[in-house]
Amino acid sequence: MKKTIVLAGLLALAACADSPAESLAKAKAEFAAHDYATARIHIAAALETEPGNREMLALQAKTLVALGDGDGAGTTLDKLAGGKPLTGELAELAAEAALLRKVPEQAVKLLGDAAGPEAERLRALAALQKNDIKAAQDHFEKAMAGGGNARVFADYARYRLLAGDISGADELAARAAKAAPDGIDTLLLEGQLALRHGDLKLSLDKYSRAGTLYPNSLAALTGRAAVLGDLGRIKEMDQAVTTAAKLAPRDPAVVFLKAKSAAARKDWAGVRAALQPVETTLGQLDPLRQLYGEALLRMGQAELAIAQLQPIVRAMPNNRDARRMLGEAQLASGDAVSAMEVLGPLASHPAARPDELALAAKAARAAGDPSVGHFENRARLPAAQALGRDLADGDAAMRAGNWGGAAAAYSRVLAVTDGRNVMVLNNMAYAQTMLGNHDAALDFARRSIKEAPDNASVLDTAGWAQFKSGKDLDEARRLLRRAAQLAPKNVTIRAHLAEAERARN
């Protein structure tokens, strides 16, 4: 009710202030600037006076489609059609509105015999909504054969990504970027692909640019919020989620991010509050179900947690996190025998982690299982396999530019060692720098210098972390100069030093 009153008030103000022609001109400028929410207000004000103006109706339909309002756009296009079939761009717009309403058959009917890349793209999306994968592939190929466009390249790349063809998606993303470097479809795809490659910083840059250029894009807002969550920047994540919730409070992505943010703060009541209203809509393997189960477990509602987690473990027995939480819930409910059945395979793995082993030992003790001593001994002395796996994962992530993955792996190593390994501290400092977590980067850099004060790589990382933080550039230069003296032929160190020398305080 309040939204309707506010919108009516804004329309009244706009109508009083501007003529229909002036409102239309403003709407056109706002549409061109991708400010679709404001464009909608001005075009509606113009239509109050000239309800049958076809130019205004066409712009309103485009604006509503850009806002994801398939119902509103469909109503506007019906007015434009006047009972006759739409053709050309309007037919494609009507088909896109139908896809927003999840009625793919109608979208195909509206397209009729329209040809060209855009029509084939829409037919491909309609086929995907009907789960007709072969037809979708055929239509995408026809769109490509017709020359394609940025939206064709981006949507086909997403299709390739769903099929596991990452290199194919990368190739199409490059074509989309060449065709429309600042197009919303291009930027969202690049953000998604960067995330798939583990480059959280690049992903955040792409989603942030998309949000700046397209302030009403829910996908840009939720994408940015998700990456901020992965980076541990929860306060910024909450701000993005709050903005997204104003646009679509019940959108599944928004609900997920609300719950994820609450979980990051260990606010389990907040997680439950976010997910309880949608509990009946969650699929068996929906990631939200596992998060909901964890919240119930942490709130002491073990039986309810078991009901959420058990189906996940049955369907995905290799889901280590779900298996660990299910065992913990069963143990908390007093069913130690069932807990051992769930936790035993987890703890018996050569690469089991200390927390998994400690939990299994607790369950074994409660169940009277003789393996309790074995698990307790292994928990006290982390297995070389587990440590080696985490080190290998961290190193591989560093090589791939997966800074988030590297930081997670090295965190596990530091947690079960004395925390003095120079390589781990140095790599952790660099990964945190690349993630934009500058305070954490500086802390790890100082710790690595303490262990190896004359190591060129350590000094370079510390200097670079200092430089990227924007704090004490003189210290950054001092560290980088010392690194360059120790390793004068190192190209990376020379590049870092040159950039720091060019910067002004």
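Mentor: Start with H20 and H22, which are roughly parallel to each other because their axes cross at roughly 30 degrees, and angles under 35 degrees count as roughly parallel. Keep in mind that this is a predicted model. H20 covers residues 320-332, and H22 covers residues 354-367. Their axes come within 11 Å. The crossing of H20 past H22 is left-handed.

Now the residues that touch. H20 contributes Arg 320, Arg 324, Glu 328 and Leu 331. H22 answers with Asp 355, Glu 356, Leu 359, Lys 362, Ala 363 and Ala 366. Sorted by class, the contact of H20 with H22 holds 6 charged residues, 4 nonpolar and no polar ones.

Side chains of opposite charge can pair when their charged atoms come close. Across the whole structure, a search finds 32 salt bridges. Three of them follow.

Take Asp 390 and Arg 353. Their side chains form a salt bridge, with N to O at 3.1 Å. Asp 390 sits in helix H24 (residues 384-400). Arg 353 sits in the loop between helix H21 (336-348) and H22.

Next, Lys 471 and Asp 439. This salt bridge spans 2.7 Å, N to O. Lys 471 is in the loop between helix H28 (456-469) and helix H29 (473-486), while Asp 439 is in helix H27 (residues 438-451), so the bridge ties together parts 32 residues apart in sequence. Lys 471 is partly exposed, at 41% relative accessible area. Asp 439 is exposed, at 53%.

Last, Arg 151 and Glu 96. The closest N and O atoms of this salt bridge are 2.7 Å apart. Arg 151 belongs to helix H10 (residues 150-162) and Glu 96 to helix H6 (residues 88-100), so parts 55 residues apart in sequence are tied together. Arg 151 is partly exposed, with a relative accessible area of 27%. Glu 96 counts as buried, at 15% relative accessibility.

Arg 151 and Glu 96 also belong to a network. Salt bridges with shared partners join them to Glu 118, Arg 121, Asp 155, Arg 158 and Asp 185.

Key:
Residues are numbered from 1 along each chain as its sequence is written. This is a predicted model: local features need pLDDT of at least 70, side-chain atom pairs count only at pLDDT 80 or more; totals for chains, interfaces and linings use all residues. Side-chain values use heavy atoms; hydrogens and water are left out. Axes are lines fitted to C-alpha atoms, for helices over the stretch in contact, and angles run from 0 to 180 degrees between N-to-C directions. Helices (H or I, at least four residues) and strands (E, at least two) are DSSP runs, numbered from the N terminus. Angles under 35 degrees count as roughly parallel, over 145 as roughly antiparallel, 65 to 115 as roughly perpendicular and the rest as oblique. A crossing is left-handed if the near helix is turned anticlockwise from the far one by less than a right angle, and right-handed if clockwise. Contact means heavy atoms within 4.5 Å. Ala, Val, Leu, Ile, Met, Phe, Trp, Tyr, Cys and Pro count as nonpolar, Asp, Glu, Lys and Arg as charged, and the others, Gly among them, as polar. A salt bridge is a side-chain nitrogen of Lys or Arg within 4 Å of a carboxyl oxygen of Asp or Glu. Buried means under 20% relative accessible area, exposed over 50%, partly exposed in between (1.4 Å probe, protein chains only).
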